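Here's a quick walk through a two-part picture: overall make-up first, then a few local spots worth a look. Have the viewer open as you read.

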Amino acid sequence: MFSKLTSIRALAVAVAIPTSVGLCASQDATTRTIQSLQSHLKVFPGDFKAYDALGAAYIQRGRETADASYYELAKEALTKSLDLVSSDPAAASAKTHMAVVSMSEHEFEDALGWAQDALALGSGDPSPWAIAGDALTDMGEYEQAAEAYEKLSNPFGPRGGRSSGLAYEHDSRVAYLRFVQGDSENAIRLMHQALATAEALHMPAENVAWSDYQLGEICFKSGDLGCAERAYQAGLSIDPNSYRNFAGLGELRAAQERYLEAVALYQKAIAVVPYPMFAAALYDLDVKLGYVEDARKQYDLIEFMGKLNPVNQRLFYRELALFYADHDLKLEESVGLAKSELRVRRDIYSWDILAWVLHKNGRELEACEAMKHALALGTKDPVLEFHAGMIEERLGHVERARALLERALASNPHFHVLYADQARRTLAQISTGEPRTAFCRPWARPPKTGGMLQR
Amino acid sequence: MKTIVITLILTTAALAGALETGTNLPPPAQRRIEAARLVLERQPNRYQAYNELAIALAHRARETGDTSYYRQAEQAIGSSLRIQPHNFEGEQAHVFVLIGERKYQQALAEAHALNRVTPDTVLVWGYMAQAEAALGDYDKAEEAAQWMMNLRPGNVPAYLVGASLREDWGDISGALDFFNRALQETPPLETEEAAWILTAMARLDRLSGSFDAADALLQRASGEFPGYYLTAEECARLRMAQHRDEDSVELIKKRNQSFPSLQSRYLLAEALERAGHTAEAGAAYRQFEIEARSRIDEADNDNRELVLYYTGRGQRDDEALRIARSEFGRRHDVWTLDAYAWALYSNRQYDEARRQIDKAVEVGTHEATILSHAASIAAATGDTVAANRYLKMSVEIDPEVAQPLLAEQKGNRGK
């Protein structure tokens, strides 16, 4: 779930930008905004700013409904805006929104191009650097992403230093980078900073709630369940419909073995936005609790949402691949999905998914190679450690497998409703089982005997 | 004579391979031309793509020095306006092209018309500011530039226009500040834009006598956009200021291998003369003269240099005055005022020369040559106080420019 963070985060910018047209998290308000702008444009068809605002409203609608067809409507509106004005600095807003649409559709190179076009207009607004950084993050270019985020600190800004809005954009994003780089402590600190800024600025509820969710995720993965609880609850108090925080709290409840509450929370999340990853988590809980029929419904929902339209298919490659691999379903298809995801998004989580599906397909050496990329930054994520541990175990690297699985469980003994138990079982087996025989450079030493690897 | 062109950046298809550095990608304008043409292949009636193509072509003219791109840009605009008559972006693109072609009167008129339709477009205010400054109405230029900044604080086109105006007013540090801000906001892929700004900053450092700083900036500019002719020209000027005349000759000869401008031809002649290649310099001056004379009545002329040439080694003072008067009829910027004043002075019309040079100095220019001319003219009208003041200012900026006048003063004192 965390791996989806970047593209969701990008949308937060679009929501924050057109506050002048009164967007908020309420679907009714968005609908009214869309209708109002449509009426306005019938009378003033040359109003490029209104087309831009309409595009932003469609983007918001897409977020609220998870229906990717709204992004097509957004593109149409934004294209009309740019047909009217595209070379003036005023067009930077529409181009930034185009970048957000591209991010939403996982067209990261396009998003980067649009963000750079927006910046090239020289409007004086550095916020497109946020989208550029997000696109680079999803493309796995973390150093360049960090450079882009640093541009959000504009020493010549109107306040003579870092404006608070840009400080929020900067801190919330750099927090994620710190997390993937293994620095959870600073990630948490930066998220707290970002939240303080968001609250001080009275940012829209959905933005603040999103930041609470992000903080909650980092805390959860770092094993600080108290911090995660506070963050998710804060998110829900500011936005009672925050599906992300429902899901985050659901994950937390599952970790606390409060499964019925977890189910209820995921159901609330799905009721707002039926993302496949929520359905996948609920599926696992239903199976754990023996709710077979409910589990079947979640499975059907996953299949339906994942294949609703071509854009949805692209958006949910990762979630589908993971779900299939976790449950040993359509394993060959899961490899295709993971590879498709990696073609567009080359971040550590795409490598992780690929590694996991390859492992599930018995292609351990390839899995090992992929896992190297996933762990390259030293991310302290128990899910990554679990996947890596399972691959190492299959390759016969028992000590390394043990270290990884123990680390995963140490950070959070219930880090995943399925994986945590699997990690424990595997650790037990490692103590008694036979080592396997295979290589995985560079961790493996060349065999001296008939292939028995020991460290 | 400097030419400031606001860079307009387009939206087109996504930049593939955007992660690579600028040196690995085609130049920015070239990429945009290709992207616009790609769109037009699929959608031949998409007028906005023609607009984007036009702007990219005009931008390519600045990237390369090849002014034929402006003609192509005009054709693209024509196509745009045929498909969608009076479309704002097309008409705005036309103003941009006119500015590039230095057709300032026409650009100003069309920009005014656009401004009446849509008064809150930053770029149109910018075109008006540029045109007004080029024509010599600095008050109106300032007003338009301020509108740019007020409409969208911190926008790069406003910084660039503002920097140019500050330079005209003699506020060099202020100009550098604005250029620096513009540079900070220039994205990494806009390599030509960055090189242009760095070169402009280097020029200011050179004019202020900070040669090392200028050199460092030009190195950066070369790194950003290798082979950039504007950087090469500025480097040649810097080498001349550093008395590295042979280096200067080499630089400008290389630059002139591709689309030499009138200014670069004159620069070569100067460099050759300073390096002691008298015969070659003479030939270069003649070449310049022939080309410059063929464009006396065109917008893209170099009448200023031609006037200075005729009042100096060309020894045709009357022709200098004729050309200067003709140019003065078109525009009253500081460079034209200076050339006109100097031509008048060379023809012993000292009072009128004084009137014109005073107007130039009033703007606040920090240019040593203009101040040196002002000193000579003031002396000729008997105003020794003003003459000494201007001479001192000129010497402080660039002692070498004022050498002939200083020598004359010494000689007079000796008598």
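A residue is called buried if 20 or more other C-beta atoms lie within 10 Å of its own, exposed if 12 or fewer, and partly exposed in between, with C-beta atoms placed from the backbone. Keep in mind that this is a predicted model: local features need pLDDT of at least 70, side-chain atom pairs count only at pLDDT 80 or more, and totals for chains, interfaces and linings use all residues. Residues are numbered from 1 along each chain as its sequence is written, while chains are lettered from A and ligands numbered from 1 in the order in which they are written.

Glu257(A) is exposed, with 12 other C-beta atoms within 10 Å. Arg348(B) counts as exposed too, with 9 C-beta neighbours inside 10 Å. Helices here are DSSP runs (H or I, at least four residues; strands are E, at least two), numbered from the N terminus.

Now for chain A as a whole. It has 24 helices and zero strands, and 60% of its 455 residues count as buried. Take contacts (C-beta atoms, placed from the backbone, within 7 Å) with a separation of 6 or more: residues 24 or more positions apart account for 55% of those in chain A.

Over in chain B, an automatic or database domain assignment gives domain 1 (1-102), domain 2 (104-189) and domain 3 (334-415). How far apart are the centres of domain 2 and domain 3 of chain B? Taken over C-alpha atoms, 30 Å separate them. Six residues of domain 2 of chain B are in contact with six residues of domain 3 of chain B. On the domain 2 side, the touching residues split into three nonpolar, two polar and one charged (nonpolar: Ala, Val, Leu, Ile, Met, Phe, Trp, Tyr, Cys and Pro; charged: Asp, Glu, Lys and Arg; polar: the others, Gly among them).

Finally, look at helix α21 (residues 384-397) of chain B. Its 14 residues reach 20 Å from first C-alpha to last, close to the 20 Å expected at 1.5 Å a residue (1.5 Å times one less than the number of residues). Buried residues in α21(B) are Ala387(B), Tyr390(B), Leu391(B), Met393(B), Ser394(B) and Ile397(B). Seen down the axis, the buried residues of α21(B) fall within an arc of 160 degrees, so they line one face of the helix; the arc is that of the directions from the helix axis to the C-beta atoms.

How values were computed
Contact = placed C-beta atoms within 7 Å.
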